[in-house]
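Please keep the sequence and the model in view while reading.

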Amino acid sequence: GLLNDLRRGMHTLKGSSRMAGIMTVGDLAHAAEAVLDALGKSGRRAAPVVLDMLQHTLDRLNQMLAEAAG
């Protein structure tokens, strides 16, 4: 499902960023992956505050990647 796709994307971004030496992106992707893992294991709906945090994290990752691309 969508949650698992997003978790896989964070996992890939984490590894790719770290290999490229962009550790801040890798660390943030790792944190997002951990939250997504916990959501998947809980089987419950995420609280709005968690969804807001994830949206903010995705926005920040997008900004960081745009800055890295120059």
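Predicted model: local features only at pLDDT ≥ 70, side-chain atom pairs only at ≥ 80, totals over all residues.

On the face of α3 turned away from its buried side lie exposed residues, namely Pro48, Val49, Asp52, His56, Asn62, Ala66 and Glu67.

The buried residues of α3 are Leu54, Thr57, Leu61 and Met64. Seen down the helix axis, these buried residues of α3 fall within an arc of 90 degrees, so they line one face of the helix. An α-helix has 3.6 residues a turn, so residues three or four places apart point the same way. The cover over the buried residues of α3 includes α1 and α2. After α3 comes Gly70, whose phi is positive and near 70 degrees.

| Helix | Residues | Expected span | Distance between end C-alpha atoms |
|---|---|---|---|
| α1 | 18 residues | 26 Å | 26 Å |

In α2 the buried residues are Val25, Gly26, Ala29, Ala32, Glu33, Leu36 and Leu39. Around the axis they cover an arc of only 140 degrees, which puts them on the same side of α2. The face of α2 turned away from that buried side carries Thr24 and Lys41, both of which are exposed. Among what covers the buried residues of α2 are α1 and α3. Just after α2, Gly43 takes a positive phi of about 70 degrees.

**The first helix and the loop that follows**

In α1 the buried residues are Met10, Leu13, Lys14 and Ser17. Viewed along the axis of α1, its buried residues fall within an arc of 105 degrees, so they line one face of the helix. These buried residues of α1 pack against α2 and α3.

Leaving aside neighbours within four places in sequence, Lys14 is in contact with Gly26, Ala29, His30 and Glu33.

After α1 comes Gly21, whose phi is positive and near 80 degrees. Ile22 lies in the loop between α1 and α2, and at 27% relative accessibility Ile22 counts as partly exposed. When residues up to four places away in sequence are not counted, Ile22 touches Ser17 and Ala68. The C-alpha atoms of Ile22 and Val50 are separated by 25 Å, and these two residues are 28 residues apart along the chain.

In soluble globular proteins, nonpolar side chains tend to be buried together. In this model the largest nonpolar core has 10 residues, which are Met10, Leu13, Val25, Ala29, Ala32, Leu36, Leu39, Leu54, Leu61 and Met64. Each of α1 (2-19), α2 (23-42) and α3 (48-69) supplies at least two residues of this core, and α2 gives the most, with 5 residues. Leu13 can be followed as one member of the core: not counting residues up to four places away in sequence, Leu13 touches Val25, Ala29, Leu61 and Leu65.

**The largest pocket**

How much volume does the largest pocket have? The volume of the largest pocket is about 240 Å³. The lining of this pocket is made by Leu2, Leu3, Leu6, Leu36, Leu39, Arg44, Arg45, Ala46, Leu51, Leu54, Gln55 and Leu58. The elements that give two or more residues to this lining are α1, α2 and α3, and α3 gives the most, with 4 residues.

Technical notes
Residues numbered from 1 in each chain as written. Heavy atoms only, no water. Core = buried A, V, L, I, M, F, W, Y, C linked by side-chain atoms within 4.5 Å. Buried < 20%, exposed > 50% of the residue type's maximum accessible area, 1.4 Å probe, protein only. Contact = heavy atoms within 4.5 Å. Arc of directions from axis to C-beta. 1 Å grid on protein atoms, 1.4 Å probe; cavity = no way out; pocket = protein on both sides within 12 Å on 5 of 7 lines; lining within 4 Å. Points joined across faces, edges and corners; volume = space filled by probe spheres on them. Expected span 1.5 Å × (residues − 1).
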